[in-house]
Amino acid sequence: METAPKPGRDVPPKKNRLQAKKKKPRRYWEEETTLTAAGASPGPPGNKKRNREPRPQRPKNANIAKKSRVSRKRQLPKKPRERRNLEPQRSVSGAQDPFPGPAPVPVEVARKFRRIDKSEKLPHSKSKTRSRLEVAEAEEEEISTKAARSELLLAEEPGFLEGEDGEDTAKIRQADIVEAVDIASAAKHFDLNLRQFGPYRLNYSPTGRHLAFGGRRGHVATLDWVTKRLMCEINVMEAVRDIRFLHSEALLAVAQNRWLHIYDNQGIELHCIRRCDRVTRLEFLPFHFLLATASETGFLTYLDVSVGKIVAALNARAGRLDVMTKNPYNAVIHLGHSNGTVSLWSPAMKEPLAKILCHRGGVRAVAVDSTGTYMATSGLDHQLKIFDLRGTFQPLCARTLPQGAGHLAFSQRGLLAAGMGDVVNIWAGQGKASPPSLEQPYLTHRLSGHVHGLHFCPFEDVLGVGHNGGVTSMLVPGAAEPNFDGLESNPYRSQKQRQEWEVKALLEKVPAELICLDPRALAEVDVISLEQEKKERVERLGYDPEAKAPFQPKPKQKGRSSTASLVKRKRKVMDEQHRDKVRQSLEQQPQKQEKAKPLRARPSALDRFVR
């Protein structure tokens, strides 16, 4: 039987706590502080031992007076403050960084991501508010710099179709483009021959991955058009006038002959909204979760799909509504009427925000670009016009077409597509923030039937066209934004990611009451309403609570607080305040210009009466 060893035999004695404390290992970037002994072989820093001298032992019977803790501490002279070594650090190999510090960011690139205008001076406010504004400016500067640095990761660049010297790109056919591009891009061009149930209206999902199309004779289908996988296909046995995806590809709104129906991605009917009847056009506002419907009866209805409640039902008083589009910038709905006007609507107002006289005849189609700057309209007078929506609402350019355009669509990069009969013309501009040039078409394509619907695919150089013969997917180089935000619209997201995105989008939903022409006006102070509220408060209370208290002189000693002296001091302060008000009013008044006196050779005695 084994016995426990005794503490005095073959067992090392327990080390003191200070001795058992391990020494911190030296890193390779730290300088060596201890010198090796002469003749000792070099080794790792943990194995180096210091030659310590033995401490003199105290006598046992010595009587040592106890000292305070402060006196025990060894007083060392203060060392002068060392300057930091500003030389660039060396790497492990000993090489020196040729470009020390962070990489410089161009001012133009950082200005593109900046949202605060530093040219405007801060208002004269309290010190606490002013410090908060300065902190917000500093954070904005840091965020814009980081965004400018991360722009290097956006490797994809938009490209356009360029012809040779003197070659017209409008004469290049789709077959020639398919032969020139790679296999993955060539597979994006296809034709669906569906003559039995046409004509067709179509719509792409917000991520650009799924396509939904509905025929006039009741055919409704959705598919993943990249892999050509059919998601659902049904026949509603009723005329389909328009079709739209909601906030995701899992829900689909179909405007049928009588009522509005909501389906899921399996073709199962979820809702039938009977309050929205005789619907002709549909538009969905993703940040507000609002589905806007235009009907034959002349009503514009807003349906909140998150709670299933109708937010507003507005009577346009313009007859049948069959021309409608949305402004992606401010979520304002544009309606085209038969009297040649385009009206702008918001659910917060019962009257239109603005009315624009666009054509001499009825308006056939309206489209707004992704930046909300330009609006394209076409009418019965065969005119195609582009308007500036930045407050002026004036036409920038116009073009007379041999056949009026019945359908218009803007791409993410500012390309304009117009469907005229069985021909689709596409015009391009100088860039995303410039209007398209209507002088020469960029591309032209002839279809097998009359155009009934146009829609550019997000993040893909593809234009979907619905016509009498089915659906056609055209290749349009340079139409879409090449880089997408994975947190906003991710074409490759999974089902779990889509569910998480839906929860975040619902938490960040914008109220319908905030829709207006200028979204930047929401952060400004309404001075008129503030003054009116202050005036009503003064009338209700009978006095101004924010007014400055009248001057009350402090009593003085030694008999100097008599009634006469107090009144005299009050009157002196009142006179000074009155002088300040008069001085301010004189400074605000415009100075009168003195009339120039006619030059005379000799002064006259009657000059004193000249005014």
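The structure is a predicted model, in which local features need pLDDT of at least 70 and side-chain atom pairs count only at pLDDT 80 or more, while totals for chains, interfaces and linings use all residues. Residues are numbered from 1 along each chain as its sequence is written, and side-chain values use heavy atoms, with hydrogens and water left out. The protein has 611 residues, of which 35% count as buried. It contains nine helices and 28 strands.

**Overall fold**

- Helices (H or I, at least four residues) and strands (E, at least two) are DSSP runs, numbered from the N terminus.
- Contact means heavy atoms within 4.5 Å; among contacts between residues at least 6 apart in sequence, 45% join residues at least 24 apart.
- Accessible areas come from the Shrake-Rupley method with a 1.4 Å probe, and for residues only the protein chains shown count as cover.
- In the model, the span 356-390 is 57% strand and 0% helix, and its end C-alpha atoms lie 13 Å apart.

**Nonpolar cores**

- A nonpolar core is a set of buried Ala, Val, Leu, Ile, Met, Phe, Trp, Tyr and Cys residues joined through side-chain atoms within 4.5 Å. Buried means under 20% relative accessible area, exposed over 50%, and partly exposed in between (1.4 Å probe, protein chains only).
- The largest nonpolar core has 32 residues, and Val424, Ile426, Leu463 and Val476 touch the most other members. Elements giving two or more residues to this core are β2 (200-204), β3 (210-215), β4 (219-224), β24 (423-427), β26 (451-456), β27 (462-467) and β28 (470-475).
- Another core, of 29 residues, lies apart from it and has Leu321, Val323, Met324 and Leu335 among its members.
- Beyond its neighbours within four places in sequence, Val424 is in contact with residues including Leu443, Leu447, Val451, Leu463, Val465 and Met474.
- In soluble globular proteins, nonpolar side chains tend to be buried together.

**Backbone exceptions**

- Most residues other than glycine have a negative phi, and most peptide bonds are trans.
- The peptide bond from Gly198 to Pro199 is cis, with omega near -5 degrees. Pro199 sits in the loop between β1 (190-193) and β2.
- Met237 has a positive phi, near 55 degrees, without being a glycine. This residue lies in the loop between β5 (229-235) and β6 (240-245), and Met237 is exposed at 71% relative accessible area.
- Phe289, also not a glycine, has a positive phi of about 55 degrees. Its place is the loop between β10 (279-285) and β11 (290-295), where Phe289 is buried at 3% relative accessible area.

**Salt bridges**

- A salt bridge is a side-chain nitrogen of Lys or Arg within 4 Å of a carboxyl oxygen of Asp or Glu; by this rule the count is 19.
- Lys188 pairs with Glu460, with the closest N and O atoms 2.4 Å apart. The two residues are 272 apart in the chain, Lys188 in the loop between α6 (183-186) and β1 and Glu460 in the loop between β26 and β27.
- Glu296 pairs with Arg320 at 3.0 Å between the closest N and O atoms. This pair is 24 residues apart, joining the loop between β11 and β12 (299-304) to the loop between β13 (309-315) and β14 (324-326).
- Glu296 is partly exposed, at 27% relative accessible area, and Arg320 is partly exposed at 45%.
- Arg498 and Glu502 form a salt bridge at 2.9 Å, N to O. Because they are four residues apart in helix α7 (residues 495-507), they are separated by about one helical turn; both Arg498 and Glu502 are buried.
- Arg201, Asp242, Arg244 and Glu283 are linked in a network of salt bridges.

**Surface patch**

- Val525, Val527 and Leu530 make a nonpolar surface patch of about 290 Å². Patches are made of residues with over 30% relative accessible area and no salt bridge, with like charges joined within 9 Å and nonpolar side chains (Val, Leu, Ile, Met, Phe, Trp, Tyr) within 5 Å.
- Val527 belongs to helix α8 (residues 527-541) and is partly exposed, at 48% relative accessible area.
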